[in-house]
Amino acid sequence: MAEGPRRRLRLVIALLVGLVILIVVQLGQLQIIDHAFYQEWADEQQYQSIVMAEAPRGVIRDRNGHLLAGNAVVYSIEAAPPYVLDAGAVAAELGAILHLPAAQIQRSLEERDENDQLLWWVRIAYPVTKEVGEQIADLRLPGITVWPHWTRAYPEGRLASHTLGFCTVELTGFYGVEGFQDDLLRPEPARWEGPVDSDSEQIPWAVAPIVLPEPGTDLVLTLDRTIQALAEEELARSVYEFQAEGGTIIVMDPHTFEILALASLPNYDPGRYVEFYGAGQLPFEDPAVSMQYEPGSVFKIVTVAAALDMGLVTPESTYYDDEFEVGGQEILNASRQHYGWQSVTDILVKSLNVGAAHLSTEMGAGEFYEYVYRFGFGRITEVGLAGEVAGQVWTPSDFEHWHDSNLGTNAFGQGLAVTPLQMAAAVATVANDGTRLRPHIVLQRVEPDGTVLNHQPVIEAEVISSHTARQLQEMLVQVVEEGVPNAQVPGYRVAGKTGTAQIPIPGGYDQEGTIASFGGFGPVPDPRFVILVKLDRPGTSDWAADTAAASFSRLAERLFVVMGVPPETATIAEAVR
Amino acid sequence: MSDFMQWVTHGTKRGRYELPPRLKAILVGTVIAVTLVAALYLALVSRTAARGRHIEQLQSELFRLQRENEQLELEIAAEGSVDRTWERAIELGFAPADQIHFLLPGDAP
């Protein structure tokens, strides 16, 4: 062969040999140098023990960042029996750690279906703690998988249980915020996005991006944990002291309509809600928004506000308190007595049903119910809690239910039904100089990417003028100072109104038992909080002046301290002088 | 017999196949190119696999840390709960305050 072709031939051979060496080096890299790496990977894929593809549910905090509802991890021990090498040995090992009979575990592993085939999947134990789960995972038993699962936990126990609601094992929320905001709180699962064939199977060779699981949205509530605890403590004390069947206390900020506390009894531990099934009436519904009642005389605030705002009367206007009939029904004062000439202020101070009926009939049904609706009654408040009801207000257009006498009785809070939150919002409207905002329980949303969305206040209506509201505030101060001494708070000017309402039963009203309530705010002027106290069937006294009013006073006194509101008569320390 | 089959049988009888130089060059070039591509592909795939594995490990670690973080936050919240704070206050000897007086800075000389 000539020199030229021989040289070219050698060159080609060298090139080919070089390329082959390159391939051999790559193979050596993979199979020898990186052997351990790939062996470990293969082992993990073959004996994969801990897998988690679920993101956590959004947490719920109070306005100061205290965790009210969070996420804990529990483990599920599961098996794929066809891959279990020695059922007896595996059962013995698992039984020792789980404190379960080994025979029971072995039976599960050896269970067969109707075709005499081993089951593809069995659950050995759930839930188990983190320590036990990781101990079993470390055994690396073929066919045994340790699945972590999120579970909901409530570190404050029963605190704010009605407001929070609860989550089931499947992490679905019910009642309260957990129920109403379930879509927001729920995490996004991991999912794969890419082309599929006609059988919905992933097409190979395609680059398929996997969307990683995303946690749910975190919520910051308007609740103040401290105020909530104080409200619950006062409610428990009041229910016990006044021998009531239950009750509700609501604390609101009158300028923003943020719910600072929402307490009701009986309540429950949301982390152990299952224990309450089968124990009689379920305590899950929040009485503050889901149960309606006839408010009684506290509703006179609405009637008087309407009459003042229309210019029909002034606080000093008078009427003659005597026999009075509306729609064929005689209107009676609670004392069954008549008082002659009385002022509009006296209607509130002395809680005169006749006077209230005078005002509503003078206004006329059209104007009266217009104000009732503007105060937010007869519809839900949209506070953001599950199970809210609208209450019940019949008007002349409700032919089947309306009666002319309703105009008289509704004026003093009988014959219509409201929720405690609606009543609290109405009182807050007066405290807020006549402007009604939408009550809300969620202060902020914190998205998974960290974006913070603040609640934007919603002005529902300018219900009454600020002048009317200020007049009414002073009248309600007089109510406390002259009519309800139990509601007074030493050193502070507080305002409010009692309500002692009969309880409707089929055929009339229950002659035994009342709903005793007090709606008030302080200090006046420039109130910092609104409190509504409602006690169900107090046993020591039917009258709100003896029961709910005292609860209001005690709670208000503590709130003044917590909120750092000094009394009007705070004294200079004598020791300084 | 076609030209191709004549070439095959002729070559088989002689023990060698004669290819035109141009065809030989193309054949050699193709083998070199395929071998090169195969080597590069092998290198790329193994690197991609390693990177994918690394990502998987990081993701698994992320989930683990997420779980631990949530668990720790829960434990902290339980320790700082109202009930627990009350218990600890009592243990430390604190008592509920029931006589509170506000003092305001005065204009006293």
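Two strands are said to pair if DSSP finds at least two bridges between them. In this predicted model, strand β20 (residues 495-505) of chain A and strand β21 (residues 508-522) of chain A are joined by ten bridges and run antiparallel. Within this pairing, Lys497(A) has Gly519(A) of β21(A) as its bridge partner. Two residues separate β20(A) from β21(A) in a hairpin, and in its turn Gly507(A) has a positive phi of about 95 degrees.

β21(A) also pairs with strand β22 (residues 529-536) of chain A, in the antiparallel sense and over eight bridges. Here Lys534(A) in β22(A) stands opposite Ser517(A). β21(A) and β22(A) form a hairpin as well, with six residues between them. In that turn, Asp526(A) has a positive phi of about 60 degrees.

The next contact is between helices of two chains. Two packed helices are described by the angle between their axes and the distance between the axes. Helix α1 (residues 3-33) of chain A packs with helix α2 (residues 21-79) of chain B at an angle of about 15 degrees, and their axes are 10 Å apart. Angles under 35 degrees count as roughly parallel, and α1(A) and α2(B) are therefore roughly parallel to each other. The crossing in which α1(A) passes α2(B) is left-handed.

Which residues of α1(A) and α2(B) meet? From α1(A) they include Val12(A), Leu15(A), Leu19(A), Ile23(A) and Gln26(A). Among those in α2(B) are Val28(B), Ile32(B), Thr35(B), Leu42(B) and Ser46(B). The residues of the contact of α1(A) with α2(B) comprise 15 nonpolar, three polar and no charged ones.

Terms used:
Residues are numbered from 1 along each chain as its sequence is written. Chains are lettered from A and ligands numbered from 1 in the order in which they are written. This is a predicted model: local features need pLDDT of at least 70, side-chain atom pairs count only at pLDDT 80 or more; totals for chains, interfaces and linings use all residues. Axes are lines fitted to C-alpha atoms, for helices over the stretch in contact, and angles run from 0 to 180 degrees between N-to-C directions. Helices (H or I, at least four residues) and strands (E, at least two) are DSSP runs, numbered from the N terminus. Angles under 35 degrees count as roughly parallel, over 145 as roughly antiparallel, 65 to 115 as roughly perpendicular and the rest as oblique. A crossing is left-handed if the near helix is turned anticlockwise from the far one by less than a right angle, and right-handed if clockwise. Two residues are in contact if their C-beta atoms, placed from the backbone, lie within 7 Å. Ala, Val, Leu, Ile, Met, Phe, Trp, Tyr, Cys and Pro count as nonpolar, Asp, Glu, Lys and Arg as charged, and the others, Gly among them, as polar.
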